[in-house]
Amino acid sequence: MQLPFKTLSFQQTQGLWFCFLLLACVPFLRLIILGSNGGLGANPVEFITRDTGNWALYLLCIALAVTPIRHFTGWHWLARMRRMLGLMSFFYLCLHFTAFIWFEHFFDLQAIWQDVMTRPFVAVGLAAFILLIPLAITSWSTMMRLLGGRRWQLLHRLVYLAAPLALVHFWWAKAGKNLVFEPILFTVVITMLLGIRIVTWLGHKHR
């Protein structure tokens with residue numbers, strides 16, 4: 001039995017691309033609306049930092065899920081959504097990092113460095129952010145051509161290291177507040193997504 005949506009026209013794919021983009025922008029628009037109406041709670045900095053970090057991880061998981069879904073469903077048009085979802089994840093990660101260095105530390109480099117050195121979960125989060133920077137920079141088709149397909153693929157496998165680091169950062173941030181349901185859920189999700197890739201890779205290598 002053939003699954004629905006296996007083949008879509010270019011126009012349909014473009015329409016879905018814009019729908020995905022608009023949905024990915026909703027949390028940012030929500031922050032703007034809440035901020036304009038004083039709806040960020042008693043601690044707006046914590047609200048912004050937490051919300052942007054959460055959405056960076058949510059969208060990273062969705063981007064990682066594209067390849068397994070394509071593999072099991074044959075929905076190859078999803079590949080056109082992956083880059084946009086990855087870039088939107090990085091966008092929220094940049095907002096998360098900006099909230100940290102601006103709203104929390106007001107660009108005080110000494111205070112930022114001390115925070116990184118004394119709070120391990122901050123250091124782990126920073127490491128994940130640094131690893132994702134070259135992926136965002138080289139996500140464009142022009143960079144893929146300049147690097148060559150094989151080198152580009154090797155570089156973008158850094159996401160398999162960045163994702164667990166982001167998860168560890170998420171765990172530490174939540175565990176300090178005795179909030180473990182979401183970390184456990186994302187541990188299962190990311191483990192499954194990376195596990196599928198490892199099994200698929202081993203299968204290709206064996207063949």
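Helices here (H or I, at least four residues) and strands (E, at least two) are DSSP runs, numbered from the N terminus. With that in hand, let's start clicking. What you have open is a predicted model, where local features need pLDDT of at least 70, side-chain atom pairs count only at pLDDT 80 or more, and totals for chains, interfaces and linings use all residues. Residues are numbered from 1 along each chain as its sequence is written, and side-chain values use heavy atoms, with hydrogens and water left out.

**Stop 1**

Select F106 and F107. F106 sits in the loop between helix 3 and helix 4, and F107 belongs to the loop between helix 3 and helix 4 as well. Check the backbone while you are here: F106 has a phi near 50 degrees, a positive value in a residue other than glycine. For F107, phi is positive too, about 60 degrees, although it is not a glycine.

F106 counts as exposed because its relative accessibility is 62%, while F107, at 49%, is partly exposed.

Together with F106 and F107 they make a nonpolar surface patch of about 460 Å². F103 is in helix 3 and is partly exposed at 31% relative accessibility. Patches are built from residues with over 30% relative accessible area and no salt bridge, joining like charges within 9 Å and nonpolar side chains (Val, Leu, Ile, Met, Phe, Trp, Tyr) within 5 Å. The areas come from the Shrake-Rupley method with a 1.4 Å probe, and for residues only the protein chains shown count as cover.

**Stop 2: the salt bridges**

Side chains of opposite charge can pair when their charged atoms come close. How many salt bridges does a search of the whole structure find? Three, each being a side-chain nitrogen of Lys or Arg within 4 Å of a carboxyl oxygen of Asp or Glu.

- Pick D51 and R30, whose side chains meet at 3.3 Å, N to O. This pair links distant parts of the chain, with D51 in helix 2 and R30 in helix 1 (residues 10-36), 21 residues apart. D51 is buried at 12% relative accessibility, whereas R30 is partly exposed at 37%.
- Next, E46 and R50, bridged at 4.0 Å, N to O. They are four residues apart in helix 2, so about one helical turn separates them. E46 is partly exposed at 32%, and R50 is partly exposed at 34%.
- Finish with D115 and R119, at 2.9 Å, N to O. D115 is buried, with 8% relative accessibility, and R119 is partly exposed at 32%.

**Stop 3: the largest pocket**

Select T67, R82, W152, Y160 and R197. Of the 36 residues lining the largest pocket, these lie nearest its centre. The space inside is about 1,300 Å³. A pocket is found on a 1 Å grid over the protein atoms alone: an open set of points where a 1.4 Å probe fits, with protein on both sides within 12 Å along at least five of seven lines, and lining residues have an atom within 4 Å of a point. Grid points are joined across faces, edges and corners, and the volume is the space filled by probe spheres set on them.

Which helix gives the largest share of this lining? Helix 3, with nine residues. By class the lining has 20 nonpolar, ten polar and six charged residues; Ala, Val, Leu, Ile, Met, Phe, Trp, Tyr, Cys and Pro count as nonpolar, Asp, Glu, Lys and Arg as charged, and the others, Gly among them, as polar.

Zoom in on W152, in helix 7. W152 is buried, at 17% relative accessible area.

**Stop 4**

Select T49, H96, F121, H169 and A173, the closest to the centre among the 33 residues that line the second largest pocket. Its volume is about 730 Å³. Helix 2 gives the largest share of the lining, nine residues. The lining divides into 19 nonpolar, eight polar and six charged residues.

Key: Buried means under 20% relative accessible area, exposed over 50%, partly exposed in between (1.4 Å probe, protein chains only).
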